[in-house]
Amino acid sequence: MRALNRPRGTLLAAAILLSAGCHAFARQGEAPAATVSAADQMRADITHLASDLLDGRGTGTAGNDTAALFIARRYNALRLSSIAQADRAACAKGGRLGKADCFVLPFTATVPVRNAAPRSLKTQNVAAIVPGKGSLAGEYVIVGAHFDHLGRDSVGARDPEKGHVIRNGADDNASGTVVVMELARRLARTPTQRSVIIVNFTGEELGLLGSEWFVNHLPVPRERVQGMVNLDMVGRMKNDKLIVYGASTATEMKGILDSANVAPRLAISAVGDGEGPSDHAAFYRKDLPVLHMFTDLHDDYHTAADDADKINIEGLVRVADYAERAVRAIADRPGRLTFQRVQVAGANRPSARQGSGVYLGSIPDMGAADVKGMQLSGVRAGSPAEQGGLKRGDIIVKFGSRTITNIYDYTDALGAYKPGDVVDVIVQRAGAEVALKITLGKRPN
C-alpha cells in the first residue's frame, strides 16, 4: 500500500520541515505581494510543492502534512474564511480567525486493500471560503484540486523498477494545486456574487478518498451548491490545447466555456461526460454540474520524471486565466445551472472504470498516448488478466470482435460483456501478435 507502513509525521514536524522550504514570501505566513506576477507566484509554489523536501506528498506522510500546512497558511494569509469544525474547539466558529490550522480538515480515510480488511488512514483536506457579495452569497461554487501524489510508493507508478524513489508529481497535481491557490488569491481580491469554496483534496491517488469524504461532509447544503470546477494535470500545455470534461453536465455549460475563451483563444476540447479518474467525479455522482480541466497525458505521468522544471508556466497562467473566467461566469450568473446526467459511450471517458461489474484487472498505461491500441503498465495479481496470460507491456489491439486503437475503445468493448464471459483477446508483445482467451471476472466491491 502507498506509504501506509511509513510513520506519519506530526503537524509540528511538518511546520519545522516547511520552514526550510522555498517560497515567494519574505516571512512565513505572509501573503504574496500584490506586485508578484501570477507566473512568478505559481513558479515558486510549484517548485516548493514538487521539491524533494516534500518527499512526493504521499497521503499519510510528513510531506503530505507539510503540503497541507503550506496551503493552509496561504489561505490564512489571504484572510479567507475557514470552515467551522464543531469537533475542534479552536475552529468551531470558522471564519477569519487568524489560525492557519483551521483551514486543515482532518479525517480518517478508509483505504481498500485487495484480499484484506480495509485500512484506516488519518489524513486531511484543506479548505477555505471566499465569501460572496450580495443576495447570492448564500449559494456556492466549489473549486478544487488534489495535492497528494505517490510519494515514494512504486504501487501505481509507471516506473516501478526504480523502487522507492521520490515521485514529485509536479504536473500531477502540484500544477492544479497552484492554479487553485492562484484563483483563491484573485477571488479574495475581487469576490464573486456567490461564495466560492476552495478545497485541496488528499488521497486522490488512493481512489478519490479526499473528495469522496468532502462531498459526503459538505459544509453547506448540497442544494446550495451551483457546481464544481476541478483542475488536475494542467501544467503541460502544448499547442494551446486544454481539455475540459463535464461540458454537458449542465445545459448552460457549453455557453459558459465558449464565452470564457477570449483572445488569444485556447484550443478547447470539450467533452460532455462528468465521470473520470479525478475528484470532480465524486461531485458529479451527487448530481452536481462539474468541469474538469486537463492539459493531457504525457510520458512522465506517475514517474519520477514529473518534475517542476518541465512545467509550462506560461501555459499554467493561461489555464488560470481561463479557469477564473469560467468560475466567475458560474458564480455570477443570476440563475442556477441546470444539471443533466450525460449518457455517453465509453469513448468519451478518460478512464478504465466500468459500471457493469465486469472485471479484468488490466492496468492501462496512461502515458502511452501515441500507442495504437491499449498498452498495459501491469496486471493485478490473481486477476482474470493475469490468469488469462496478459503481461505488463502488452498492447491490446483486439478485444472480442472489437478493434482497439485506444483506451476508450477498450472501455467500450469491456463494458459490453458480463462476468463469466470468455473473450478472445489479441495483443502485441515484443513485436508479435499473441492470441489469448480470457474469462472475465466480477469486479470486487
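Contact here means that heavy atoms lie within 4.5 Å. Helices (H or I, at least four residues) and strands (E, at least two) are DSSP runs, numbered from the N terminus. The model is predicted, so local features need pLDDT of at least 70 and side-chain atom pairs count only at pLDDT 80 or more, while totals for chains, interfaces and linings use all residues. Residues are numbered from 1 along each chain as its sequence is written, and side-chain values use heavy atoms, with hydrogens and water left out.

**View 1. Packing of helices H2 and H4.** From H2, the residues Ala 38, Gln 41, Met 42, Asp 45, Ile 46 and Leu 49 meet Ala 170, Ala 174, Ser 175, Thr 177, Val 178, Val 179, Met 181, Glu 182, Arg 185 and Arg 186 of H4. By class, this contact of H2 with H4 comprises nine nonpolar, three polar and four charged residues. In this classification, Ala, Val, Leu, Ile, Met, Phe, Trp, Tyr, Cys and Pro are nonpolar, Asp, Glu, Lys and Arg are charged, and the others, Gly among them, are polar. The two helices pack at an angle of about 135 degrees, and their axes are 9 Å apart. Axes are lines fitted to C-alpha atoms, for helices over the stretch in contact, and angles run from 0 to 180 degrees between N-to-C directions. H2 and H4 are therefore oblique to each other; angles under 35 degrees count as roughly parallel, over 145 as roughly antiparallel, 65 to 115 as roughly perpendicular and the rest as oblique.

View 2. H4 covers residues 170-189, and at 1.5 Å a residue its 20 residues should span 28 Å; the end C-alpha atoms are 27 Å apart, which agrees. The expected span is 1.5 Å times one less than the number of residues in the helix. Of the 20 residues of H4, 18 are buried, so the helix is largely enclosed by the rest of the structure. Buried means under 20% relative accessible area, exposed over 50%, and partly exposed in between (1.4 Å probe, protein chains only). A cis peptide bond, with omega about 0 degrees, joins Asp 172 and Asn 173, and Asn 173 is located in H4.

**View 3. Packing of helices H6 and H8.** H6 (residues 253-260) packs against H8 (residues 313-332) at an angle of about 135 degrees, with the axes 9 Å apart. H6 and H8 are therefore oblique to each other. Met 253, Ile 256, Leu 257 and Ala 260 of H6 make the contact with Tyr 322, Arg 325, Ala 326, Ala 329 and Ile 330 of H8. Sorted by class, these are eight nonpolar, no polar and one charged residues.

View 4. The peptide bond from Ala 263 to Pro 264 is cis, with omega near -5 degrees. Pro 264 is placed in the loop between H6 and strand S7 (267-271).

View 5. Asp 55, a residue other than glycine, has a positive phi near 60 degrees. Asp 55 lies in the loop between H2 (38-49) and H3 (62-77), and at 15% relative accessibility it counts as buried. Asp 240 also is not a glycine, and its phi is positive at about 65 degrees. Asp 240 is found in the loop between strands S5 (225-231) and S6 (241-245); at 36% relative accessibility, it counts as partly exposed.
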